[in-house]
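Trainee: I would like to learn how to read strands, helices and cores from a model. Could we go through one case together?

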Amino acid sequence: MSASPKAPVSGISAGKTAADSKPDLEAARAQIDRIDDEIHDLLMARAQVVGQVAAAKGPALLSASPIRIEREAQMLRRLAARHKGPLPFMSVADLWHELIAAMTAIQAPFAAVIAGGEGAVQRFDLARQQFGSSIPVQVAEDARNAVRQVADGSAGVAVLPPPENGRPGANVADAPWWTLLNAADDSPRIVAALPFVVASRPDAPLRRRYLAGDGPRAVAVAKAPRSNSGDDISVMVATSAGFVSPDNCSDAFDMAGISAWRLAFADDPHAGPETDRGAGAPQLHLIAIDGYVADDDARLEALHRSHGGPFGEMYSVGGYPVPIEV
């Protein structure tokens, strides 16, 4: 009686060995090389288009900051919405930050300055992450000096610690950095909250906890024009004749239909030397507003005219795109 033929091993067709079923390593490497070539071709093509954009802008480009955080935020949000597969989106975001920084340098190179002191190493890392690893980064003595370097044009962007409250009765030189921002067209403005891509925390809504003492954070300040990214936080300074509680602050904006919360407050360093420096000292309040608010927003006029409550003058000091949670 002849022996019956052996059944094929499950998953391997007759006539093939287990080694035959493995992916072809050389073929996979060849495919990666082709993809790399395609990526490289596209990067070179993108750089040519960026050069055309710079040429189209002409001399106006030289007098304006090349930083467009809103445009970058729109790009990353679009990519995050279509992203899938094993590659972490954090890695994609880092690649895009680097790419955008390199392309921006083609249009108009700029330098960054970070505030020295506690947290400077972290701010250095955030500056490099957001504005590229090749950007020159200087270290200022403190946050106020970093803002001044943006104001006088010696730096294109400053990376600063989150805004803090001022100390009652403090000297003008010790006022928080954000009190240097003003309503002038050429004043430095808040343009970004860093990092822009963060790990999601379902227990804490990102919009309100960002820059409110939660985690490693920084603020970018530049003379860049501001536009609507589609999901933004606006930042304003409001003056008051004396102390205003956080609840009264929010209530005044609520009455005008504006969702807002206070990031920080400080004695007004612009008040004259004869001004009371005690409990009734004039104050500045740094207010975050949910959404993009233009300077001519009718709600601000209504707030100032009818619902201003404790506040006097109000002016925009920038804003930032709401970061992406992944």
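Trainee: In what sense do β7 and strand β9 pair, and over how many bridges?

Mentor: Two strands are said to pair if DSSP finds at least two bridges between them. Strands here are DSSP runs of E with at least two residues, helices are runs of H or I with at least four, and both are numbered from the N terminus. β7 and β9 (residues 283–290) pair in the antiparallel sense over 7 bridges.

Trainee: What should I know about the model itself?

Mentor: This is a predicted model, in which local features need pLDDT of at least 70 and side-chain atom pairs count only at pLDDT 80 or more, while totals for chains, interfaces and linings use all residues. Residues are numbered from 1 along each chain as its sequence is written, and side-chain values use heavy atoms, with hydrogens and water left out.

Trainee: How does strand β7 pair with β10?

Mentor: β7 (residues 232–240) and β10 pair in the antiparallel sense over 7 bridges. In β10, Y320 is the bridge partner of I233, and P321 is that of D232.

Trainee: Which residues lie on each face of β7, and are they buried or exposed?

Mentor: In a regular strand the side chains alternate between the two faces of the sheet. Buried means under 20% relative accessible area, exposed over 50%, and partly exposed in between, with a 1.4 Å probe and protein chains only. D232, S234, M236, A238 and S240 are on one side of β7, with I233, V235, V237 and T239 on the other, and all are buried. In β10 (residues 311–321), 9 of the 11 residues are buried.

Trainee: How do I read a helix such as α5?

Mentor: Start with its length: the expected span is 1.5 Å times one less than the number of residues. Helix α5 (residues 120–131) has 12 residues and reaches 16 Å from its first C-alpha to its last, close to the 16 Å expected. Then look at burial. An α-helix has 3.6 residues a turn, so residues three or four places apart point the same way. In α5, the buried residues are A120, R123, L126, A127, Q130 and F131. They fall within an arc of 120° seen down the axis, so they line one face of α5; the arc is that of the directions from the helix axis to the C-beta atoms. Just after α5, G132 takes a positive phi of about 100°.

Trainee: What do the buried residues of α5 pack against?

Mentor: Contact means heavy atoms within 4.5 Å. The partners include α3 (69–82), α4 (89–107), β1 (112–115) and β3 (157–160).

Trainee: Which polar contact joins the side chains of E72 and H97?

Mentor: A polar contact is a pair of N or O atoms within 3.5 Å; within protein, one must be able to donate a hydrogen and the other to accept it, and residues adjacent in sequence count only if both atoms are side-chain atoms. The one between the E72 and H97 side chains is 2.4 Å. E72 belongs to α3 and H97 to α4. E72 is buried at a relative accessible area of 7%, and H97 is buried at 3%. Beyond four places in sequence, E72 also contacts I100 and Q130.

Trainee: Which residues touch the most other members of the largest nonpolar core?

Mentor: In soluble globular proteins, nonpolar side chains tend to be buried together. A nonpolar core is a set of buried Ala, Val, Leu, Ile, Met, Phe, Trp, Tyr and Cys residues joined through side-chain atoms within 4.5 Å. Here the largest has 31 residues, and L160, W177, W178 and I190 touch the most other members. A second, separate core of 20 residues includes I69, F110, F131 and I135.
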